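Welcome! Have a look at the structure first, then try each task before reading on.

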Amino acid sequence: MSKDWNFNTRAVHLEQTPDEKTRVVSEPIVPAVAYSFKDADEAAAVVSGEMEGVYYGRYGNPTTRTLEKKIAALEGAEDALGVSSGMAAISIALLAFLKHGDHVIVTKDVYGGTHKFLTNFAVRYGIEAEFVDCTDVDAIEKAILPNTKAIYIETPSNPGLCLIDIEAVSNISRAHGLPLIIDNTFMTPCLQTPLDLGADVVIHSATKYLNGHGDAIAGFVCADQEMIQRMHKDFMGDLGQPLNAWESFLILRGIKTLGIRVEKHCENAQKVAEFLENHPLVEQVYYPGLASHPQHALAKRQMRGMGGIVSFEIKGGVEEGKKFISLLELAMISFSLGDPETLVQHPASMTHSSIPEDELKFFGISKGLIRLSVGLEDAVDIIADIEQALIKLPVKV
Ligand SMILES: Cc1ncc(COP(=O)(O)O)c(C=O)c1O
């Protein structure tokens, strides 16, 4: 396979060749749980990881294995592990590095589910998470303790679209011998490859753009082979969080159009952000593609596109924000993102509702903030929908 291929060619072809027995071009779905071996030595080699193969459904699946290899190749990782959700990937990656008594530095405006896992679940097992403004590299350095075992970031953040300089943070993590874990869900390998910038582990909720059709839940961890093997055997298998063949097939299909979908998401999001920025009823727009975004220069340096998520605040505040999303006719109120449909949500009462109200500000979430996952419809229709909802609001300029 040519290493010189560009993204779309790689997304279609990498790790996928016609099945030798049937010559089918699209990946076969293998639902089997049990696999047989030609002799006892082969069984022992596969189970120990010395030989590539699948031995029991809780520890992997051939359709999933093709997808793992494709995602690893696109991220530039040695290997990848497919699991049952983005949260399974996040929890497995964190638990693989942390044990009782350890401390982890986490970017302050992390995904709500990750925040809940760390403050509600991990804390019960003696793991301490410290939420730090990771846009400030000095603050990260100051937060490192003798028992710090990892640094965990997300860029751009959800839903504030705040950026973190991956290379700058990786310089610190390397200097202290700490693994840097990055949730790359918003960008996908199409727009950002954190391992090239010095990160050690990349996480995905494949539920979002990687699959891209809102019909599969899955997560991936990308890292070096030794770490993936450990996560595979000691965490995914023991916790029982494998990814099944059907979801893997859907994501393999979705990834073939990842590049062209992401390009359209970015193009539409840019148009929507520019419209919102010029609307008198909109207080503030957060989108890295706008020249007004405080980290626009970093976005251009670190990302190959600005992504499909636009966050903004309506004049008036929380009630007007909630009324606005209820008035939308094309965009649907939904918790997810990265789908063909434009999806809208109110983080304070939806995705980030587990964060106490008085802490929301620290996480960069105002109570009136709205997050829009700009879909693949025609941009003029998305904008017309937003405009008709804004006109109906009682707020006047
Ligand atoms: C940035 C980010 N990471 C992780 C997740 C969790 O993914 P999943 O719902 O697949 O568990 C989400 C879900 O919204 C997310 O937005």
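**Exercise 1.** How far does a polar side-chain atom of Asn158 lie from an oxygen atom of the ligand?

Solution. Before we start, note that this is a predicted model, in which local features need pLDDT of at least 70 and side-chain atom pairs count only at pLDDT 80 or more, while totals for chains, interfaces and linings use all residues. Residues are numbered from 1 along each chain as its sequence is written, and side-chain values use heavy atoms, with hydrogens and water left out.

Step 1: find Asn158, where a polar side-chain atom lies 3.1 Å from a ligand oxygen. Such a pair is a polar contact (N or O atoms within 3.5 Å; within protein, one must be able to donate a hydrogen and the other to accept it, and residues adjacent in sequence count only if both atoms are side-chain atoms).

Step 2: look for other contacts of this kind. For Thr207, the distance from a polar side-chain atom to a ligand oxygen is 2.6 Å. For Lys208, a side-chain N or O atom is 3.0 Å from an oxygen atom of the ligand.

Step 3: check the cover. On its own the ligand has 390 Å² of accessible area (Shrake-Rupley method, 1.4 Å probe; for residues, only the protein chains shown count as cover). The protein covers 92% of that area.

**Exercise 2.** Describe the residues around the ligand.

Solution. Step 1: list the neighbours, where near means that a heavy atom of the residue lies within 4 Å. There are 13 residues around the ligand, and Met87, Asp183, Ser205, Thr207 and Lys208 come nearest.

Step 1: sort the shell by class. It has five nonpolar, six polar and two charged residues. Here Ala, Val, Leu, Ile, Met, Phe, Trp, Tyr, Cys and Pro count as nonpolar, Asp, Glu, Lys and Arg as charged, and the others, Gly among them, as polar.

Step 2: ask which element gives the largest share. Helix α4 (residues 86–97) does, with three residues. Helices (H or I, at least four residues) and strands (E, at least two) are DSSP runs, numbered from the N terminus.

**Exercise 3.** At what angle do the axes of α4 and helix α9 cross?

Solution. Step 1: take the axes, which are lines fitted to C-alpha atoms, for helices over the stretch in contact, with angles from 0 to 180 degrees between N-to-C directions. The axes of α4 and α9 (residues 225–239) cross at roughly 115° and come within 10 Å.

Step 1: name the arrangement. α4 is therefore roughly perpendicular to α9. Angles under 35 degrees count as roughly parallel, over 145 as roughly antiparallel, 65 to 115 as roughly perpendicular and the rest as oblique.

Step 2: compare another pair. Helix α11 (residues 258–277) and helix α14 (residues 379–391) have axes that come within 9 Å and cross at roughly 30°, so these two helices are roughly parallel to each other.

**Exercise 4.** Which residue does a cis peptide bond join to Thr155?

Solution. Step 1: the partner is Pro156, with omega about -5°. Pro156 sits in the loop between β4 (148–154) and α7 (166–175).

Step 1: go on to Asn158, whose peptide bond to Pro159 is cis, with omega near 10°. Pro159 also belongs to the loop between β4 and α7.
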